[in-house]
Amino acid sequence: MSLSFSLEELAVERGGVPVVRGFTYAGAGSAWIGFVGANGSGKTTVLRALAGRLPAQAGRILLGGEDVTWDRAARAARIGFAVDAAMLPAELSPREIFAISARSRSAIDEPALAPLRRALDVEDFLDRRCGALSAGMGQRVALLGAFLDLPVIVILDEPFNWLDPLTAFDVKNALRDLVAARGLTLLTALHDVNTLTAYCNRGLLMSGGQIAMTMEEADLRAGLADPVAFEAALVSRLRTER
């Protein structure tokens with residue numbers, strides 16, 4: 001099962017400053033879509049707006065063909081989103097947070113989540129207070145929380161920050177398997193070009209709050225075959241877009 005989404009001439013501000021303008025993109029079906037770009041290019045802003053965490057100033061946002069531009073709650077309810085790990089309530093445990101935020105009491109025990117849960121390796125600290133967790137542990141909790149109730153669109157903003165290499169590797173593979181097995185649409189803001197070429201099915205290069213270049217799976221796999229040349233071309237494009 002999948003859920004289409006469409007952003008049409010989207011404009012978003014942050015603190016009264018225009019960050020995204022005229023952003024248009026449509027997605028449907030199972031895919032891992034990687035957003036890359038320089039700091040301030042609008043990656044996070046677009047994803048937060050789609051997830052209902054930021055309001056739109058203009059344009060349209062559609063989910064499954066339904067116009068939800070002005071209904072942030074509807075977007076938030078239908079799209080999984082990993083919160084900033086630093087914002088996890090310090091006095092609550094991960095298990096308590098999941099019990100509050102999930103619609104089902106057994107959400108983290110859902111069999112479809114078992115591979116991701118194993119990759120995140122959260123079992124030893126599910127009942128510790130979040131204030132006592134390391135940055136990497138908090139990131140693992142935030143990532144698992146985005147998948148509660150098995151949403152068909154999930155948004156992760158730089159999800160592999162703070163993860164050790166072993167965990168990051170296992171999580172990337174678990175995410176790729178979830179996309180393939182469940183028809184998931186996964187949207188991630190990335191700074192790691194290798195993750196883009198090795199795991200994503202599509203890529204968007206952003207600059208100035210707009211799409212500067214789109215990359216299909218064949219482009220990304222070609223980049224994986226020659227990563228140095230691919231990264232150099234991406235950086236060159238970023239320089240010309242400044």
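**Close-up views of a predicted chain**

Of the contacts (heavy atoms within 4.5 Å) in this chain with a separation of 6 or more, 67% are between residues 24 or more positions apart. This is a predicted model, where local features need pLDDT of at least 70, side-chain atom pairs count only at pLDDT 80 or more, and totals for chains, interfaces and linings use all residues. Residues are numbered from 1 along each chain as its sequence is written, and side-chain values use heavy atoms, with hydrogens and water left out.

**View 1. The whole chain has nine helices and ten strands.** Helices (H or I, at least four residues) and strands (E, at least two) are DSSP runs, numbered from the N terminus. The C-alpha atoms fill a box of roughly 50 × 40 × 35 Å, taken along the principal axes. Of the 242 residues, 50% are buried, and here buried means under 20% relative accessible area with a 1.4 Å probe, counting protein chains only.

**View 2. Four strands make an open sheet in the order 2-1-4-5.** The pairing is antiparallel; two strands count as paired if DSSP finds at least two bridges between them. Strand 2 (17–27) and strand 5 (66–67) sit at the edges with a single partner strand each, so one side of each has no neighbour in the sheet. Further in, strand 1 (residues 5–14) and strand 4 (residues 58–63) are joined by five bridges. Look for F5, which stands opposite L63 in strand 4.

**View 3. Helix 1 (residues 43–50) lies across strand 1, strand 2 and strand 4.** It runs at about 115 degrees to strand 1; axes are lines fitted to C-alpha atoms, for helices over the stretch in contact, and angles run from 0 to 180 degrees between N-to-C directions. Seven of its eight residues are buried, so helix 1 is largely enclosed by the rest of the structure. Those buried residues are K43, T44, T45, V46, L47, A49 and L50. After helix 1 comes G52, with a positive phi near 85 degrees.

**View 4. The largest nonpolar core has 50 residues.** Such a core is a set of buried Ala, Val, Leu, Ile, Met, Phe, Trp, Tyr and Cys residues joined through side-chain atoms within 4.5 Å. L116, F147, L156, L175 and L186 have the most contacts inside it. Helix 6 (residues 165–182) gives the largest share of this core, six residues. A second, separate core has 32 residues, including F23, A49, L54 and I153.

**View 5. Zoom in on L156 and its neighbours.** Leaving out residues up to four places away in sequence, L156 touches L47, A82, L143, A146, F147, L175, L186, L187, T188 and A189.
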